[in-house]
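Hi there,

Here is the structure I promised to pass on. Have a look at it first, and then read on for what turned up.

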Amino acid sequence: MLGLSSNQISEQTGITKHRILRALMYTRKAMRSDIPKQFSGIVEVDETYVGGKWVNKRKSARSKGTKRGRGTSKQPVFGIYARKGIVWAELFDGVGSSTLQPLIKKQVRKGSTIHSDTWKGYTGIATNGYVHRLVDHQKEFANKGVHINGLEGFWGYLKRKLAAKGGIRRDRLSLYLGEYVWRYNHRKLSIDGKVLRLIKLLNKGRFGG
């Protein structure tokens, strides 16, 4: 978990790989449960798409090609980023307003200022009690302080971590997403600090499947 593979941990401790994988699963569930409270102030919203190598995908998925961005057959991930460097992310299906905006309402306090790109799924945010500022990425990366650079930085971090795994089963992707959100949010903690926080989470034992 802290930089070692399950095989390495097994070799160093003598614990069976099966028990290690089970412990890692519970640890990732605990990480996933440690979500930030509702955001406020200036926040960024965006979505990205993740998936393994196409050669490992089913024929039905490969037949759709390797199109990037919206319209791809990869798994959508929606994220919200607070300017203090805290992120929240969740797997979802569909990229329309009926999917994205309930997630925003759930995680962002009304009255907050939301920065997004010009995707139609974000149209109407202002009518839900938010200040909405847009940046058109076909023209610019930022518009007078309006940008989603923080969230794009997290997407890069997430994809590098997932790529290093060499492929993750779809049914486990939410656990790994929860792990990397947790690691990113607590990146300034020392290793001892991270271990203590995880122990407290595991002792609570109140995290879903």
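Strand β1 (residues 42–50) runs parallel to strand β4 (residues 113–116), and the two pair over 3 bridges. If you want a spot to start from, V43 sits opposite I114 in β4. Please keep in mind that this is a predicted model.

That pair belongs to an open sheet of 5 strands with mixed pairing, in the order β3-β2-β1-β4-β5. β3 (86–91) and β5 (131–134) form the edges; each has a single partner strand, so one side of each has no neighbour in the sheet. On average, neighbouring strands here are turned by 25 degrees against each other, ignoring direction.

Now for the helices. Helix α5 (residues 149–164) lies across β1, β2 (75–82) and β3, at about 30 degrees to β1. Helix α6 (residues 173–185) also lies across β1, β2 and β3, and runs at about 175 degrees to β3.

How far apart are its end C-alpha atoms? They are 18 Å apart, which agrees with the 18 Å that 13 residues should span at 1.5 Å a residue.

Is α6 mostly buried or exposed? With buried meaning under 20% relative accessible area, 12 of its 13 residues are buried, so α6 is largely enclosed by the rest of the structure. Among the buried residues are L173, L175, Y176 and W182, and also E179, R183 and N185.

Enjoy exploring it, and do write back with any questions.

Best wishes

Definitions and conventions
Residues are numbered from 1 along each chain as its sequence is written. This is a predicted model: local features need pLDDT of at least 70, side-chain atom pairs count only at pLDDT 80 or more; totals for chains, interfaces and linings use all residues. Side-chain values use heavy atoms; hydrogens and water are left out. Two strands pair if DSSP finds at least two bridges between them. Helices (H or I, at least four residues) and strands (E, at least two) are DSSP runs, numbered from the N terminus. Axes are lines fitted to C-alpha atoms, for helices over the stretch in contact, and angles run from 0 to 180 degrees between N-to-C directions. Contact means heavy atoms within 4.5 Å. The expected span of a helix is 1.5 Å times one less than its number of residues. Buried means under 20% relative accessible area, exposed over 50%, partly exposed in between (1.4 Å probe, protein chains only).
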